[in-house]
Amino acid sequence: MAATRALPPAPPVQRPRVLVVGSAFASAAAVMVFVALIGVYLSQRADTLLAGEAWLPQGLDIPLQQPTTMLFTLAMSVVTMQWAVSAVSNDDRINSYIALGTTLLFGVATVVMTTYLWSLMGADVSADPQAVLIYAITGGHVVMLVVAMAFVALMAFRALAGGFSARQHDGVTAAAIFWYAMVAVYALIWISIYVTK
Amino acid sequence: MALTDTRPDTGTAEAAAPTGEVGFPADLIGSGDHKVIGLVYVALALVLGVAGWVVTALYGIHRIGDGDFLSDAAATNLASAGRLGLLLIVAAPLTLGLATYLVPLQVGANTVAFPRAAAASLWTWLLSAALFIVAHALDGGLGGGRPEAVDMTLLAIAGMVLALVIGSVCVITTAVALRTPGMALDRVPFFTWASVITGSIWVLTLPVLVANVALIYVDHRYGGPTEFGIEGGQWAQVSWLVGQPQVYAFAIPVLGIVADVVTTLCGVRQANRGVVLGLIGAFGVLGIGAWAQPYFYPEAQDQALFAGMAGLILLVTLAYLGGLAATVRSGRPSATSPLGLAAVAGLLLLLATVAGLLYVITPLELRETGVYADGLFALVVASVVAGGSAGIMYWAPKMTGRTPSDAYGKLNVLVLLVGGALAGLPLIVLGFATRFDSLADAADALWGIAVAGDIVLALGVVLTIVALFSTTRGASVGPDAWGSGQTLEWACPSPPPAGNFGELAVVRSAEPLLDAAEPAEEA
């Protein structure tokens, strides 16, 4: 057995951006769920159209007004989220509270609009595989949105408790990364399901 | 320990009780110590590994003769439980547990990133695994006859994947963001590098399984079912996980374990280290199989990409093993069980990749039945078990502070080699039965040999557990148990105290302990 070797001491360890890195990986995992679901949707749609059949069954109507409203709502939430990151990195607490609160408000609005859209579509999950796909994808996105809102709310409470500063604001940045990923997923859904149908 | 906690003052043995002494049950359940979490992951994966191989053996017995050993429902459940279980309950948590324990030590970190998330990963996985087993016992395997139990299985699979992804994020974040000063990413130990590659591939591909499961669940529970949730289609939608090339994604950590074992126990630096790191990375990329889903993309296995990946992964494996063989030749290999087990793991993986290349050759018609794929799957999982056992024997002195019995380890070399070969190769041979009628006549004998292999593998897992327990009677060891340690885990006490390290070294190469030793040798 060898003795412990004497190694020269290292300089003090700088605090790395652990939460930001972890959030990026977690966001990538969440995005992959939707990439897979949308891939199945588009593949099934292409196969059906290739067979000369209509993709959406009779009675399933997907309006564009509500999805587009949600797209703009979430686009605005990206602005407010970045506003929050910018404010907290400048130690501007009032603006960071307002920005985080507004972002959450946009999130709630999107959840409400999604449920309204479901009531409009008239998709019968017990009869059509298309409805299964649409509910799985849009329902999954609502789950991701709620998780993102919980993340933002947690960071907002931490900010209210004075937990962040210009030097250390990784929590808000990490929440922003997950939020942006959620909005990017919605953009994919908007194009693939609501526009392309 | 929360993310925002400061680094513990010291890593000396006096600073805290050795973490190998776990109080029960509060200290165990409430622990955020990566060493406790990793050990529990490994221990549970081993125990469940015995059950996994026994279940696989039972299914094999059913395939012998007229297939009347089990009812159809039971056979369906065992087929689903055996294959998914061996991956999600045995292979993945075994390697993730080792990574959770060792990656922080190898990169000089005082903790794993997000320790509470790592603990949540462990307990979520355990609860989901229990749910998975209970659901299968209630006729809830994929394609099973009891709808509520099938829904439980689907939730259990999603839970296990979620847990594994969370655990992977903790491990790769540790390697990416918590490395000690001077340790660039190309200087991390092989196992850490392999864990980064594994975690990245899992983060990108396992969520695809969640998507599959979500579709099946929504359709099965709320739908007619119309298409995704129908009985016959459930297994087909998730079968890509246990097939080529995705199954290789579970063997990536083996490459890291084998390389660390070989370089340390041969006492030399790995030549062309960057190339070996690149080969491990290439193996990971070639193990991305979420795109090849025959259920949605029937032509996937006829594509040039599918065939090309199978060919390339064989070349990568050969080059990797060639690089390690050169290290063995240039070094002073010791006749120890970790080295033997590493050789078994490498050999089984090589056999699997050779079989994988044959699998993509369309004229051989090996994709006509699932038997050949079952054999390939068994070889890969046996390789992971052998690699995991090599890692356990190699790092057991670090984990426990005492040496395990090398006799058990050496016996295990033989057992896992024989078991892996018997479990996989007969089914590979049987896969050719579509072209050679005489092989079809020998089906019962070949299935019988495969069953024997499964049982021998279960015995091998038991031997690994026994070897781990044998450390209680082993001799105490210092920080560098092998006397030739190259990487940072061998610089901290055995077992590592809370906080792992005290004063950290500035790392100037991939083998910091050799750097520290060389000036003394020259003097």
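Predicted model: local features only at pLDDT ≥ 70, side-chain atom pairs only at ≥ 80, totals over all residues.
Reader: Is chain A a compact globule or more spread out than one?

Author: Start with the makeup: chain A has 5 helices and 0 strands. For 197 residues the globule rule gives 16 Å, but the radius of gyration of chain A is 22 Å, well over that. Its C-alpha atoms fill a box of roughly 75 × 55 × 20 Å along the principal axes. So, going by the radius of gyration, chain A is more spread out than a compact globule.

Reader: Over in chain B, how far apart are the end C-alpha atoms of helix H5?

Author: H5 of chain B covers residues 147-177, which is 31 residues. At 1.5 Å a residue it should span 45 Å. The model agrees with that, since the end C-alpha atoms are apart by 44 Å.

Reader: Which element gives the most to the side of chain B that touches chain A?

Author: In all, 46 residues of chain B are in contact with 36 residues of chain A. The elements of chain B giving two or more residues to that side are H5, H6 (190-222) and H16 (512-522). With 11 residues, the one that gives the most is H6(B).

Definitions and conventions:
Residues numbered from 1 in each chain as written. Chains lettered and ligands numbered in written order. Helix = DSSP H or I, 4+ residues; strand = E, 2+ residues; numbered from the N terminus. Expected span 1.5 Å × (residues − 1). Contact = placed C-beta atoms within 7 Å. Rg over C-alpha atoms; globule rule 2.2 N^0.38 Å.
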